[in-house]
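The report below describes strand pairing and charged side chains in one model. Please read it with the sequence and the coordinates at hand.

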Amino acid sequence: TFTTVQQCTFTENHATAPDGTTTAALIADTSSSAVQHVLRNITISDFDDAQVFTWSFYVKKDSDTDRFPEFRMNLFGGTSEANIAIFNTSTGAINTLSNTRWLSATVETVGDYWRIALTIANDPAKGNTGLSLRIDPAKLEAFDSLTTTASLTGSIIFWGSQLEAAPSAGTYIKTPAQPRE
């Protein structure tokens, strides 16, 4: 569950999920003057410093070619590292903008959804103790820097976020809903 909603609209139980239940969330950026996102920070200090993490989730397919969701796996608490991927909800293509620690980024078709799996490795020399999972629902498809663009708006349907201390995504295991803080 995403514990921080930064100005955007986060509507749980908005759409039919890949498992047939009405549990997929709408994440919407409605402001053309502020970057909006959802975020969850996770402490990783209990793991081996060289741990590999895979974040998998489902995004509903659509034909929007004006906005592209950005997914971030940022390591922090030492020498921070941003790991950013832009996703095309129409074609299923991933444009990796920052590949500091990326090991892999995969996409598979699951009915009306894409299942995306992003894998990074923590670097013991960096001393990072936290991992941030962040979704910006509306970004440019491609740009040559990490500059944020606030003018884009749009939304995605999102479901089944799962973080694993593993080199690839396992079978999705639904866990009880956790309230946002």
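Two strands are said to pair if DSSP finds at least two bridges between them, and strands themselves are DSSP runs (E, at least two residues) numbered from the N terminus. The model is predicted, so that local features need pLDDT of at least 70 and side-chain atom pairs count only at pLDDT 80 or more, while totals for chains, interfaces and linings use all residues. Residues are numbered from 1 along each chain as its sequence is written, and side-chain values use heavy atoms, with hydrogens and water left out.

**Strand pairing**

Strand β4 (residues 37-43) pairs with strand β1 (residues 4-6) in the antiparallel sense over 3 bridges, and within this pairing Gln6 stands opposite His37 of β4. Strand β4 is also joined by 6 bridges to strand β11 (residues 130-139), again in an antiparallel arrangement, where Leu39 has Arg134 of β11 as its bridge partner.

**Salt bridges**

A salt bridge is taken here as a side-chain nitrogen of Lys or Arg within 4 Å of a carboxyl oxygen of Asp or Glu, and the structure holds 9 of them. The table lists some of these pairs.

| Pair | Closest N to O distance |
|---|---|
| Arg72 and Glu70 | 2.6 Å |
| Lys139 and Asp136 | 3.4 Å |

A further salt bridge joins the side chains of Asp112 and Lys60 (4.0 Å, N to O). Because Asp112 lies in the loop between β9 (102-110) and β10 (113-121) whereas Lys60 belongs to strand β5 (residues 52-60), this pair ties together parts that are 52 residues apart in sequence. Relative accessible area is used to class residues as buried (under 20%), exposed (over 50%) or partly exposed (in between), with a 1.4 Å probe and protein chains only. By these limits Asp112 is exposed at 53%, and Lys60 is partly exposed at 28%.

**The network around Asp136**

Glu70, Arg72, Arg134, Asp136 and Lys139 are linked in a network of salt bridges. Both Arg72 and Glu70 are buried, Lys139 is buried at 1% relative accessibility, and Asp136, which lies in strand β11, is buried at 0%. The side chain of Asp136 also makes a polar contact with that of Arg134 (2.7 Å), a polar contact being a pair of N or O atoms within 3.5 Å where, within protein, one must be able to donate a hydrogen and the other to accept it, and where residues adjacent in sequence count only if both atoms are side-chain atoms. With contact meaning heavy atoms within 4.5 Å, and not counting residues up to four places away in sequence, Asp136 touches Val35, Gln36, His37, Phe68, Pro69 and Glu70.

Methods. Helices (H or I, at least four residues) and strands (E, at least two) are DSSP runs, numbered from the N terminus.
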